[in-house]
Amino acid sequence: MTDTQPRALVTGASSGIGLELAKQFASHGYDLVVAAENDAIESVAVELRTAGTTPVQVEAVKVDLATSDGVQRLYSALGSRRVDAAALNAGIGLGGAFADNDLAAELRIIDLNVKSTVHLAKLLLPDMLSRDEGRILITSSIASTMPGSFQAVYNASKSFLQSFAEALQNELKDSAVSVTSLMPGPTETNFFHRAGMDDTPVGRSDKDDPAEVAKQAFEALLAGKDRVVAESLMTKAQELANKVLPDKVKAAVHRKMAEPDSK
């Protein structure tokens with residue numbers, strides 16, 4: 001990778017919002033390190049190298065970020081190379097009643113969504129602060145604003161990330177390092193199928209375009225904004241409503257979206 005072009009790290013980059021974020025960086029001339037746990041990340045890297053008008057260097061790292069060893073292996077892959085921007089996007093969900101769900105699956109949500117984000121931020125921020133430049137995007141969710149009936153651990157993980165991002169914004173306010181939280185609504189990705197939510201109203205509903213979500217996120221990141229609610233007017237309206245609705249009401253609303261048909 002060159003030292004003249006800016007460099008970005010994108011996790012969860014093999015599909016969905018993460019892939020579209022990586023395309024945004026590539027099309028704007030960023031060299032990339034992209035990470036995911038599946039083999040698809042290798043073919044994604046090939047695609048990204050020519051995603052823009054100017055070819056960029058892209059390195060794929062296949063790694064399980066739900067483990068501390070995986071996070072360290074990704075960071076080691078960066079070597080001493082400067083990271084100008086990082087999209088900490090890797091995450092998973094799980095639908096269903098908490099009491100019925102497998103404990104290991106619930107804990108993996110915390111390990112990937114929460115622990116890996118905190119771990120990577122801890123590793124990346126010192127260098128950014130020493131240079132007094134850098135940008136971090138943390139993929140939160142509109143789910144962070146409401147109790148997640150039938151998605152209890154997922155929503156809680158996103159509430160953590162939203163709070164974490166806002167705390168870092170305050171801590172870093174006197175530096176040139178920025179942290180932006182991305183708050184997408186339901187988006188047309190493999191998320192709901194992977195979470196076992198095909199038989200839910202939200203799983204069957206029309207969803208936002210991941211490419212547009214990523215475009216809005218990228219623009220907000222470059223502008224140094226604290227957060228971006230992306231991408232549709234429906235998602236933005238839901239975020240505004242959730243500021244005033246009582247938590248019990250929001251939990252009931254979420255149940256109507258996420259409760260399986262069999263319940």
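**Reading rings and a surface patch**

User: Val244: buried or exposed, and how do I tell?
Analyst: Val244 counts as exposed, with a relative accessibility of 67%, because the cut-off for exposed is over 50%. Keep in mind that this is a predicted model.

User: Where does Val244 lie?
Analyst: Val244 is in the loop that runs between α9 (233-242) and α10 (247-258).

User: On to the rings. How many aromatic pairs does the structure hold?
Analyst: Six. One of them is Tyr154 with Phe191, centres 5.0 Å apart and planes at 50°. That pair is tilted, because its angle falls between the 30 and 60 degree cut-offs.

User: Why does the Tyr154 and Phe191 pair tie together separate parts of the sequence?
Analyst: Tyr154 sits in helix α5 (residues 152-171) and Phe191 in helix α6 (residues 191-194), so the pair links parts 37 residues apart in sequence. Both Tyr154 and Phe191 are buried.

User: What kind of pair do Phe191 and Phe192 make?
Analyst: Edge-to-face, because their planes meet at 90°, with the ring centres 5.0 Å apart. Phe192 is buried too, at 8% relative accessible area.

User: What lies over the face of Phe192?
Analyst: Lys207 does, at 5.2 Å from the ring centre.

User: And which residues form an aromatic cluster with Phe25?
Analyst: Tyr30 and Phe218 do; with Phe25 they form one cluster.

Key. Residues are numbered from 1 along each chain as its sequence is written. This is a predicted model: local features need pLDDT of at least 70, side-chain atom pairs count only at pLDDT 80 or more; totals for chains, interfaces and linings use all residues. Side-chain values use heavy atoms; hydrogens and water are left out. Rings of Phe, Tyr and Trp (its six-membered ring) pair if their centres lie within 6.5 Å; planes under 30 degrees apart count as stacked, over 60 as edge-to-face and the rest as tilted. Helices (H or I, at least four residues) and strands (E, at least two) are DSSP runs, numbered from the N terminus. Buried means under 20% relative accessible area, exposed over 50%, partly exposed in between (1.4 Å probe, protein chains only). A charge sits over a ring if NZ of Lys or CZ of Arg is within 6 Å of the ring centre and within 35 degrees of the ring normal.
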